[in-house]
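Biologist: Please put the model on screen. I have some questions to work through.

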Amino acid sequence: MVLEEAARHASGLGPTFRGRVIAPDADDYDRARRVHNAAVDRHPALIVRPTDADDVALVVSYSQERGLPLVIRAGGHSMGGHSTGDGALILDLSAMRDVEIDASERTAWADAGVLAGEYTNATHALGLVTPFGDTGSVGVAGITLGGGVGWLVRKHGMTIDSLLAVEIVTADGRRRIASAVEEPDLFWAVRGAGANFGVVTRLQFRLHPLGNVLAGDILLPASRDVLRSLVPVLLAAPDELTAMPTIMLAPEDPAIPEELRGRPVVHVSVAWSGPPDAGERELASLRALGAPISDTVTWKPYPDLFSPVDRDAEPVWSISSRGLFLDSLDDAMIDVIARRLTEPGAPEAIVQLRVLGGEMSRVPGDDTAFGWRDRPVLLWLITPDKDLGRAAANEAWTAAFRAELSSDGTATYVNFMGAEDTDAVRGAYPAPAYARLSELKRRYDPGNVFRANHNIPPAVTTSGRSAAH
Ligand SMILES: Cc1cc2nc3c(=O)[nH]c(=O)nc-3n(C[C@H](O)[C@H](O)[C@H](O)COP(=O)(O)OP(=O)(O)OC[C@H]3O[C@@H](n4cnc5c(N)ncnc54)[C@H](O)[C@@H]3O)c2cc1C
């Protein structure tokens with residue numbers, strides 16, 4: 001405690017800052033500096049944990065006065081390592097964890113440090129949910145500000161389609177509300193490019209009634225016929241069915257026939273959020289695609305789709321990640337995937353397909369900064385590895401794999417991007433949206449204070465000089 005007081009004093013944040021200050025000599029500095037991607041091993045100058053938006057505003061001003069690079073962290077799951085940095089000031093929101101639910105209005109305000117699983121447990125206790133992704137430990141703020149594609153994407157759209165407002169501290173230290181009526185330009189920008197525009201301190205969401213879902217994994221052989229049929233069958237299904245087929249090599253598991261182990265299989269993870277009979281019918285057409293090797297689909301409460309959240313879990317996996325929007329999964333891609341996964345020396349990568357359409361695709365493309373609404377498939381290429389020494393080689397391999405798949409397109413999803421350069425960020429937005437974002441960036445953050453992210457530099461000023469650092 002004495003050390004902490006000393007750190008607070010030495011930091012110069014001032015007596016009005018009510019949060020924690022963790023300096024490099026604090027006992028828990030080593031734990032506090034770690035993020036989900038274990039390969040990202042950085043040493044910040046200072047980690048601060050604000051308690052509210054006033055604390056956040058102090059930190060935003062302080063970072064600029066001291067010339068310290070500012071890094072925002074919510075759930076810490078950025079795969080590109082954007083929520084930490086050597087010599088940086090980390091604004092760690094994890095102490096801001098309240099969820100305020102208005103069940104009669106079907107809305108909720110979440111503090112920006114809440115994790116998706118925590119939020120879902122709180123609202124589902126009242127029979128209500130907001131759609132996030134497939135993982136409970138991801139931060140509500142991080143996933144929402146990039147878009148949010150999860151188990152209910154076909155029924156209720158992306159997370160941003162249930163976002164009603166945000167409270168945000170901008171680079172000038174002002175606390176603002178952005179919604180459809182207040183600062184609508186800013187509200188448009190935060191729905192897909194939010195990390196670039198300020199520190200979001202609270203988010204207001206719409207809630208949807210939901211009880212149990214019919215969900216689990218159907219394991220099919222990854223034959224060409226199965227892979228060719230999967231996307232059309234899933235796109236033709238009712239909005240209540242969302243599926244995430246994952247192509248990977250079958251593990252050395254006695255439950256899997258010996259001849260399939262080490263060969264490509266496809267785990268079709270499904271969630272049906274409609275009436276029971278219709279769900280069984282829809283899944284029958286999926287099961288008919290190939291002889292299922294195993295099948296764990298059963299009715300369960302919606303929060304059971306997420307593993308329990310453990311905030312103290314030690315990060316162990318290095319992660320290389322790339323995303324890519326597709327119009328279809330064609331034969332040429334199927335060949336590339338089969339070859340890459342089985343080539344000698346290949347890391348144990350997985351190729352996940354998010355089959356989209358439904359409510360997500362009915363929102364007009366220019367309603368939000370995220371604009372790839374017409375793309376029916378999102379491919380997520382992930383290379384996890386516990387051997388951190390292989391992280392650099394895995395990164396190069398994953399990037400080359402993605403380049404081979406994307407010969408005719410670069411449209412990507414910002415939340416699935418890895419350690420990619422700012423040029424690749426252009427692919428996360430249709431060109432008109434990117435141009436509007438860089439103009440808005442000039443308006444709200446001309447000095448590019450918020451640049452520890454998939455960065456959109458401010459538009460060049462009329463005098464011809466860039467306002468960016
Ligand atoms: C295991 C795993 C599963 C995933 N599953 C899905 C999925 O199913 N669907 C999906 O859409 N995505 C998914 N993602 C991607 C995830 O949505 C992004 O990595 C997201 O950015 C993580 O948010 P976070 O708050 O945990 O991360 P952080 O690392 O804390 O933040 C990510 C980025 O957002 C910025 N940021 C965070 N909080 C704020 C804030 N309050 N204000 C302004 N900027 C902020 C950070 O500076 C950083 O640039 C997954 C990622 C992982 C690692």
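Modeller: I'll begin with Arg33, which is buried at a relative accessible area of 9%. Buried means under 20% relative accessible area, exposed means over 50%, and partly exposed is in between, using a 1.4 Å probe and protein chains only.

Biologist: Before we go on, what kind of model is this?
Modeller: It is a predicted model, where local features need pLDDT of at least 70, side-chain atom pairs count only at pLDDT 80 or more, and totals for chains, interfaces and linings use all residues. Residues are numbered from 1 along each chain as its sequence is written, and side-chain values use heavy atoms, with hydrogens and water left out.

Biologist: Back to Arg33. What does it form a salt bridge with?
Modeller: Asp30, with the closest N and O atoms 2.7 Å apart. A salt bridge here is a side-chain nitrogen of Lys or Arg within 4 Å of a carboxyl oxygen of Asp or Glu.

Biologist: How many salt bridges does the structure hold?
Modeller: It holds 36.

Biologist: Which residue does Arg224 meet in a salt bridge?
Modeller: Asp331, at 3.7 Å from N to O. Arg224 lies in helix H8 (residues 224-236) and Asp331 in helix H10 (residues 331-342), so the pair ties together parts that are 107 residues apart in sequence. Helices (H or I, at least four residues) and strands (E, at least two) are DSSP runs, numbered from the N terminus.

Biologist: How accessible is Arg224?
Modeller: Arg224 is partly exposed at 33%. Asp331 is also partly exposed, at 30%.

Biologist: What about Glu404? Which residue is its salt bridge partner?
Modeller: Arg340, with the closest N and O atoms 2.9 Å apart. This pair links distant parts of the chain too: Glu404 sits in helix H12 (residues 391-405), Arg340 in helix H10, and they are 64 residues apart.

Biologist: Arg340, buried or exposed?
Modeller: Arg340 is buried, at 12%.

Biologist: Which residues are joined into one network?
Modeller: Arg224, Asp225, Arg228, Asp331 and Asp335, through salt bridges that share partners.

Biologist: New topic, the ligand. How many residues surround it?
Modeller: There are 35, and the closest are Ile72, Ala74, Ser83, Val149 and Tyr413. A residue counts as near if one of its heavy atoms lies within 4 Å.

Biologist: What lies by the ligand's oxygen atoms?
Modeller: A backbone N or O atom of Ala74 lies 2.7 Å from one of the ligand's oxygens. A polar side-chain atom of Arg354 lies 3.0 Å from a ligand oxygen. For Ala452, a backbone N or O atom lies 3.3 Å from an oxygen atom of the ligand.

Biologist: How much of the ligand does the protein cover?
Modeller: It covers 94% of the 960 Å² of accessible area that the ligand has on its own. Those areas come from the Shrake-Rupley method with a 1.4 Å probe; for residues, only the protein chains shown count as cover.

Biologist: Which elements give two or more residues to the shell?
Modeller: Strand S3 (70-73), helix H5 (140-146) and strand S10 (199-206). H5 gives the largest share, four residues.

Biologist: How does the shell split by class?
Modeller: It has 17 nonpolar, 15 polar and three charged residues. Ala, Val, Leu, Ile, Met, Phe, Trp, Tyr, Cys and Pro count as nonpolar, Asp, Glu, Lys and Arg as charged, and the others, Gly among them, as polar.

Biologist: Now Asp92. Where is it?
Modeller: Asp92 is in strand S4 (residues 89-92). It is buried, at 3%.

Biologist: What does the Asp92 side chain join in a polar contact?
Modeller: The side chain of Arg49, at 3.0 Å. A polar contact is a pair of N or O atoms within 3.5 Å; within protein, one must be able to donate a hydrogen and the other to accept it, and residues adjacent in sequence count only if both atoms are side-chain atoms.

Biologist: Last one. What is the phi of Asn448?
Modeller: Asn448 has a positive phi of about 55 degrees, although it is not a glycine. Most residues other than glycine have a negative phi. Asn448 is in the segment after helix H14 (431-444), and it is buried at 4%. Arg106 also has a positive phi, near 55 degrees. Arg106 lies in the loop between strand S5 (99-102) and strand S6 (107-111), and it is partly exposed at 41%.
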